[in-house]
Amino acid sequence: FGAGSSAACARLADLLAADLDLLDRWTAEALDRVRRDDGLDVPALRDLEPALAGRVMRTWLKEDQEDDPAVDLDRNHVAAALEWLQTGTSGTSLDVPGERRLQRDFDLVRLVGKGASQARRAGADYRILVRSHAAAPEMALGHGDPGDETTWSLTCPADALEGNLRVRNWRSGDRMQPFGLDGSKKLSDLFREQRLPTAARQGVLVVEDDAGIVWAVGLARSERTRMLPTTGAAVTMTV
């Protein structure tokens, strides 16, 4: 090497450091644009230039592993994740280093532990409390959050119910006639329409009587539970 080689390397390092500062700033700004409370916005991420999308994905994945520097996240992992987001559909997942998994839910990608999923509620652990009203009360609509038990109340005409009420886990093939529809619909189709994340579907409960499903708890009520001006006696069900 020539006598000036050390100085040339130092100048190159200075130039690269300035470039890296700029790239890091662009990456942080892009990550802020695509970040959501619990994941990344997939369409927004795919709209980025590939090189910038790769830096954003790598930065986001490394945020969760700051306390474990031994986790090796190379460009192949990032490239595989970006390719999966181009072709993967909602409900699919991809393993990444550090015993973690990317979970795709509609237009959002989340990072979860490899074995993480919402614990399946057991319908047998729940009971239905029924309160009667002589006149139409302030209504509990039955909507809310299927993951928030404090929202699990529904008011309906007393004569809309047939036989005994039961609460159970939803099952594949379950159907109900949602409020405002003339016909029935599969609950799985209802979940997709309401963009309920795949992991959250495991915990959905239903209330049924002898005539079928009355209520997908926290999500949708049956048309036969409609309250009318002529409604007399009513009941409020709370799971």
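What follows is a short talk about sheets, hairpins and a few single residues.

Tutor: This is a predicted model, where local features need pLDDT of at least 70, side-chain atom pairs count only at pLDDT 80 or more, and totals for chains, interfaces and linings use all residues. Residues are numbered from 1 along each chain as its sequence is written, and side-chain values use heavy atoms, with hydrogens and water left out.

Student: What is the strand order in the open sheet of five strands?
Tutor: Strands of a sheet pair through backbone hydrogen bonds, either parallel or antiparallel. Here the order is 1-2-5-4-3, with antiparallel pairing. Strands are DSSP runs of E, at least two residues long, and helices are runs of H or I, at least four, numbered from the N terminus. Two strands pair if DSSP finds at least two bridges between them.

Student: Which strands stand at the edges?
Tutor: Strand 1 (35-36) and strand 3 (93-96) do; each has a single partner strand, so one side of each is left without a neighbour in the sheet.

Student: How many bridges link strand 4 and strand 5?
Tutor: Six, with strand 4 (residues 100-105) and strand 5 (residues 108-113) antiparallel. Arg100, for example, stands opposite Gly113 in strand 5.

Student: Where is Phe106 found, and is Phe106 buried or exposed?
Tutor: Phe106 is in the loop between strand 4 and strand 5. Buried means under 20% relative accessible area, exposed over 50%, and partly exposed in between (1.4 Å probe, protein chains only). Phe106 has 16%, so Phe106 is buried. Phe106 also has a positive phi of about 55 degrees, although it is not a glycine.

Student: What about Arg195?
Tutor: Phi of Arg195 is near 55 degrees, again a positive value in a residue other than glycine. Arg195 sits in the loop between helix 5 (187-193) and helix 6 (198-201), and at 46% relative accessibility Arg195 counts as partly exposed.

Student: Why is strand 12 largely enclosed by the rest of the structure?
Tutor: Because four of the five residues of strand 12 (residues 212-216) are buried.

Student: Which strands pair with strand 12?
Tutor: Strand 11 (residues 205-209) pairs with strand 12 in the antiparallel sense over four bridges, and a hairpin joins strand 11 to strand 12 through two residues. Strand 13 (residues 220-221) pairs antiparallel with strand 12 over two bridges. That hairpin has three residues between strand 12 and strand 13, and Gly218 in the turn has a positive phi of about 80 degrees.
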